[in-house]
Protein chains: 10
Amino acid sequence: MLKGISSILSPELLKILMEMGHGDELVIGDGNFPAAAYARRLVRLDGHGVPQILEAILQLYPLDKYADNVIMMEVPATDPVETPIWETYRKIALEDPHFKGFVFEERFAFYERAKKAYAIIATGESAIYANIIIKKGVV
Amino acid sequence: MLKGISSILSPELLKILMEMGHGDELVIGDGNFPAAAYARRLVRLDGHGVPQILEAILQLYPLDKYADNVIMMEVPATDPVETPIWETYRKIALEDPHFKGFVFEERFAFYERAKKAYAIIATGESAIYANIIIKKGVV
Amino acid sequence: MLKGISSILSPELLKILMEMGHGDELVIGDGNFPAAAYARRLVRLDGHGVPQILEAILQLYPLDKYADNVIMMEVPATDPVETPIWETYRKIALEDPHFKGFVFEERFAFYERAKKAYAIIATGESAIYANIIIKKGVV
Amino acid sequence: MLKGISSILSPELLKILMEMGHGDELVIGDGNFPAAAYARRLVRLDGHGVPQILEAILQLYPLDKYADNVIMMEVPATDPVETPIWETYRKIALEDPHFKGFVFEERFAFYERAKKAYAIIATGESAIYANIIIKKGVV
Amino acid sequence: MLKGISSILSPELLKILMEMGHGDELVIGDGNFPAAAYARRLVRLDGHGVPQILEAILQLYPLDKYADNVIMMEVPATDPVETPIWETYRKIALEDPHFKGFVFEERFAFYERAKKAYAIIATGESAIYANIIIKKGVV
Amino acid sequence: MLKGISSILSPELLKILMEMGHGDELVIGDGNFPAAAYARRLVRLDGHGVPQILEAILQLYPLDKYADNVIMMEVPATDPVETPIWETYRKIALEDPHFKGFVFEERFAFYERAKKAYAIIATGESAIYANIIIKKGVV
Amino acid sequence: MLKGISSILSPELLKILMEMGHGDELVIGDGNFPAAAYARRLVRLDGHGVPQILEAILQLYPLDKYADNVIMMEVPATDPVETPIWETYRKIALEDPHFKGFVFEERFAFYERAKKAYAIIATGESAIYANIIIKKGVV
Amino acid sequence: MLKGISSILSPELLKILMEMGHGDELVIGDGNFPAAAYARRLVRLDGHGVPQILEAILQLYPLDKYADNVIMMEVPATDPVETPIWETYRKIALEDPHFKGFVFEERFAFYERAKKAYAIIATGESAIYANIIIKKGVV
Amino acid sequence: MLKGISSILSPELLKILMEMGHGDELVIGDGNFPAAAYARRLVRLDGHGVPQILEAILQLYPLDKYADNVIMMEVPATDPVETPIWETYRKIALEDPHFKGFVFEERFAFYERAKKAYAIIATGESAIYANIIIKKGVV
Amino acid sequence: MLKGISSILSPELLKILMEMGHGDELVIGDGNFPAAAYARRLVRLDGHGVPQILEAILQLYPLDKYADNVIMMEVPATDPVETPIWETYRKIALEDPHFKGFVFEERFAFYERAKKAYAIIATGESAIYANIIIKKGVV
């Protein structure tokens with residue numbers, strides 16, 4: 001642990017956040033996301049929900065002002081599910097001045113994008129359609 | 001994640017708990033415990049408190065009925081600190097029929113014992129004197 | 001070993017089952033399946049039959065309700081072999097509410113699918129056409 | 001799998017048995033033996049009992065005629081436990097012409113000896129005091 | 001060494017033979033075969049001829065009854081070389097009831113096939129055109 | 001790079017600072033310190049002076065209030081060298097409320113202590129007798 | 001450190017510069033360059049600006065006289081940013097007799113070129129559009 | 001060192017020469033060849049010229065009588081450079097009865113061929129256009 | 001394979017022989033020697049007898065003229081076994097001008113010496129008391 | 001290769017020289033020195049004599065002015081050998097202002113010291129008693 005850094009961020013995760021550069025993407029997967037199958041670099045934060053992690057990361061990590069910077073997995077038109085967690089994410093993201101609202105990717109397109117991301121965080125989030133990608137900006 | 005297993009237990013931790021045998025010891029360190037310096041095998045559960053982890057582990061892990069099975073770090077006589085978290089640990093440990101009460105080790109003796117343990121879990125527990133060692137029994 | 005978890009599941013296998021996410025596939029190969037040649041991650045359970053392993057896994061592992069979730073290797077029309085072990089598999093799979101019956105893949109298509117699976121378990125199963133793929137659902 | 005070799009022996013185990021030389025020792029631990037903590041080389045045969053493994057090994061592996069060759073963990077005088085599995089072991093060992101009966105080591109001396117053994121096999125044996133060490137002879 | 005297993009088979013080779021499954025291929029190269037350049041898994045048996053190795057392997061390893069199972073490198077029409085070692089191979093292969101005679105591959109096609117084989121054995125065989133591929137069957 | 005964290009701290013160093021616990025020690029060596037020879041974990045910050053590194057670290061890293069927490073390499077009585085950089089270190093350390101002044105170790109005792117430290121940072125500091133050890137406290 | 005070699009060059013970087021041959025390319029990225037994502041070999045020089053690094057390297061490293069040898073990332077026509085650091089680079093590069101002026105690559109083409117470079121240096125340079133590629137010549 | 005083997009051949013190089021088979025290629029690069037960038041296996045012989053190395057290798061290594069066996073990098077028509085070292089190479093190669101004279105590859109085609117070679121030797125040869133590829137024959 | 005080097009010597013073994021220096025020791029173990037248990041570096045030459053290996057090695061490897069250079073395992077006085085292979089070894093060793101006759105070590109002292117040797121060769125030699133240590137001299 | 005650095009120094013060696021600090025020792029062994037057996041870090045410069053290497057190193061590497069800085073292996077009183085290479089070493093070392101003449105260690109004491117050195121360079125030097133240790137000073 002260090003002074004002023006959230007204890008939810010593991011040493012390995014902080015190292016990865018620092019290594020990332022402009023345009024690199026980070027995936028925060030929910031508890032059912034196939035993170036280990038797709039990750040180039042995998043960070044596990046078992047037992048935590050996504051909102052606390054997202055909030056701790058965005059204290060340190062700027063969103064990319066030149067591109068779409070928050071990407072969500074799309075709910076198929078045929079699926080009547082509600083996704084109240086999205087509203088929570090939106091409130092957290094709004095703390096970053098460059099947040100431009102959500103962009104959506106269909107499930108398998110989202111997986112392909114996740115494979116190319118710099119890292120994927122596996123969480124214990126129990127909400128569904130709760131995966132999120134954030135694109136890093138310039139510090 | 002799996003059915004019926006707490007999502008706070010990481011895949012690596014569950015593997016380690018299964019590998020352990022009769023008499024092996026497991027350390028759960030608080031957020032300031034020098035876990036990375038002393039661990040033969042290190043599992044990080046950053047951002048979590050010890051009680052939730054202890055409770056999840058003891059669902060699966062029997063205490064050793066042939067020996068002292070819960071070891072705590074001793075508070076020096078000169079330190080007036082209160083340790084209310086010990087009462088929480090006691091309640092959790094009492095679920096195991098072989099729990100025999102706490103045994104105490106002086107700080108540096110505790111470190112030496114931790115070095116020989118099968119594994120150490122690093123947590124984000126903010127209480128002090130909150131380190132605990134549990135000795136595995138026969139399944 | 002742990003309380004309440006079948007001792008047929010190795011620590012490494014339990015770790016892998018936990019790491020898998022929604023849509024990932026697991027192959028359980030019979031004793032002649034070329035598991036080591038094709039596996040991205042290989043787990044050996046030499047000397048065991050498939051039914052016991054399948055049963056132990058499905059205690060913990062949900063089938064995918066959004067897709068075909070149990071895939072078998074097809075018997076060619078020209079092969080008069082009987083496959084009574086399929087009936088055993090069916091009974092075990094029926095314990096999962098999302099089981100939808102078997103889907104079949106021709107031998108070499110099955111191999112290609114196995115190469116992409118998250119893991120392959122090598123067993124000592126002596127029955128033939130006894131390979132099976134199970135697709136993981138949402139916990 | 002190969003013709004004429006028991007399918008309970010994993011490829012890794014067969015490799016280890018071949019590598020061993022005169023005087024090297026092999027431990028077969030029961031399901032509660034702290035195999036992973038002590039092994040220089042660890043082979044897991046989860047879910048199997050010791051007798052089937054011992055029998056398959058002794059088909060290929062000669063006992064050492066120049067020294068004590070079967071070592072068991074001693075039951076303390078104060079423990080009234082019965083160990084019927086020992087009789088099973090004896091019948092299997094008697095197939096080797098150089099078997100000389102059992103020699104016993106106290107629990108912690110047995111652990112020290114296990115640490116120096118060439119390899120330890122972890123099993124799912126549920127009987128207690130069921131650990132056994134066999135010393136390899138000349139082929 | 002083990003009882004009843006030829007001492008020409010190294011521990012690593014025996015492990016590999018056991019790991020192979022139905023349809024996997026094994027190359028035994030002569031002393032000039034570029035084994036190290038092409039092998040996914042390389043086993044060296046320097047100083048030995050191919051016939052002794054082939055004979056020892058076929059004691060344990062069944063040929064594939066569903067496919068061409070012994071593949072040789074073709075001699076170009078323009079090369080007047082004699083290959084008496086082929087007759088030796090034929091006699092050894094005839095011990096397997098599923099041997100169907102030789103199939104030939106042109107030199108560079110043979111190399112491509114060798115690259116995909118499960119393993120290649122490098123020998124000290126001094127005969128030329130003495131490379132051979134054997135395809136594993138069902139035990 | 002991240003918001004609010006000095007860009008002089010490498011990702012690897014930040015990870016190491018987070019991993020350290022109460023009582024662990026960190027060495028910052030000058031440009032001639034034999035860091036690579038003695039380090040359990042080595043971090044290189046070539047071309048930087050010690051003061052900037054020390055200052056950046058102490059923004060995040062608390063000194064140990066229970067023990068001597070800043071250790072310097074002693075100048076032998078026979079060496080008339082001046083060490084003005086110590087005054088710079090003192091000013092930086094005074095920002096931490098638990099700083100207790102310097103403690104000195106003779107050169108070879110300092111090396112022995114460095115060998116046991118959690119990590120050593122190699123710098124390009126050109127001042128002499130400019131090595132420093134800081135002991136981590138409780139966050 | 002060594003006599004006559006700038007202390008800003010790390011041992012790893014000097015090794016890499018020596019290993020490079022005629023036509024190999026080296027990227028020096030600014031603090032926001034996604035160096036870790038794209039590098040075949042990554043060297044971190046956190047906290048340093050590019051000019052000092054470039055100057056130290058060009059003392060030892062000749063530019064390629066047969067090809068474009070200094071490549072910069074292009075500023076889009078729509079971006080009114082000033083890049084005064086380019087003038088600094090030009091002055092440093094002019095010390096090499098084979099410097100031919102800058103060549104520009106569009107941002108994503110620059111990334112593709114960086115992926116194929118022999119190595120990428122990550123720096124703490126805070127200027128923007130400050131990435132530079134230098135192609136090695138004949139010593 | 002060994003009796004009768006040139007001390008210029010490193011243990012690693014001799015191992016590689018032995019592992020190579022019929023048709024494998026070996027590159028000996030001059031001091032500016034980008035050996036580390038292209039080599040599947042890299043052997044460094046810093047500070048030596050190519051002729052001594054070539055001569056020591058050809059004492060042990062036969063050229064391929066079935067194919068072009070000595071390949072040089074072509075000098076562009078526009079380059080008036082002299083290459084007296086080629087005559088030295090020719091004299092050394094003539095000791096092998098299967099040498100057929102030089103074959104030339106254009107610079108970038110030579111690089112592509114070098115990437116596929118079994119190994120590349122990096123030397124300190126200061127002559128230019130001094131790279132050479134030798135193809136191994138049958139012993 | 002290479003010209004003039006026995007094909008019984010594997011590439012790895014030749015590398016090891018070259019790496020050894022004055023005073024280093026090499027063990028050639030018989031088929032029952034516990035080579036894998038004791039070797040710092042292990043070379044397997046399964047299926048070969050010791051005399052052919054010893055002869056091939058001594059073509060290249062000088063014995064140490066300053067010390068005892070051929071060490072055998074002693075036969076206990078109580079063992080009436082004959083060791084005709086020793087005479088074979090003696091004839092081979094006599095080709096080296098510095099051979100001084102055999103020196104003997106008791107079995108367990110021989111094992112201790114083998115542990116410190118530079119390398120151990122595992123063979124398929126079926127004669128007993130056929131282990132031998134040779135000490136390298138100056139080339 | 002780089003401008004102004006001797007091509008006899010390999011990239012790995014230069015890296016090691018840079019990493020070394022005040023008081024670290026470097027061994028340059030002759031062609032019969034058991035370098036691979038004793039080295040913590042081994043650098044091979046096969047085929048080169050010691051004087052050229054020593055000279056190239058001392059261009060960059062200062063001797064330690066606080067301690068004995070050039071250590072040679074002692075010739076036993078009973079050995080009438082001449083060591084003219086020592087005079088060559090002396091001339092090279094005299095270029096360093098802190099050279100204090102040679103210090104001698106008996107053969108096995110020299111080996112013990114070499115084991116603790118930061119690195120050992122293996123050369124092809126054919127002179128005897130030609131091993132040398134140099135202790136690094138302050139840059």
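Predicted model: local features only at pLDDT ≥ 70, side-chain atom pairs only at ≥ 80, totals over all residues.
## Exercises on chains I and J

**Exercise 1.** Find which rotation axis relates chain I to chain J.

**Exercise 2.** Describe the contact between chain I and chain J: how many residues does each chain give, and how much area is buried?

*Solution.* Begin with the residues: chain I gives eleven and chain J gives eight. Next take the area: the two chains bury about 780 Å² between them, and 42% of this lies on carbon and sulfur atoms. Finally, sort the side of chain I that touches chain J by class: three residues are nonpolar, four are polar and four are charged.

**Exercise 3.** Count the salt bridges and the residue pairs in polar contact between chain I and chain J.

*Solution.* A salt bridge needs a side-chain nitrogen of Lys or Arg within 4 Å of a carboxyl oxygen of Asp or Glu. The count between chain I and chain J is zero. For polar contacts, four residue pairs are found across the interface, both residues at pLDDT 80 or more.

**Exercise 4.** State which residues have the most contacts inside the largest nonpolar core.

*Solution.* The largest nonpolar core has 107 residues, and those with the most contacts inside it are I57(H), I134(H), I57(I) and I134(I). Take I134(H) as a case: among the residues it touches are L54(H), I57(H), L58(H) and V70(H).

Technical notes. Residues numbered from 1 in each chain as written. Chains lettered and ligands numbered in written order. Heavy atoms only, no water. Contact = heavy atoms within 4.5 Å. Buried area = accessible area lost by both parts, 1.4 Å probe. Polar contact = N/O pair within 3.5 Å; in protein donor to acceptor, adjacent residues only side chain to side chain. Nonpolar A, V, L, I, M, F, W, Y, C, P; charged D, E, K, R; others polar. Core = buried A, V, L, I, M, F, W, Y, C linked by side-chain atoms within 4.5 Å. Buried < 20%, exposed > 50% of the residue type's maximum accessible area, 1.4 Å probe, protein only. Lists of a residue's contacts leave out its neighbours within four places in sequence.
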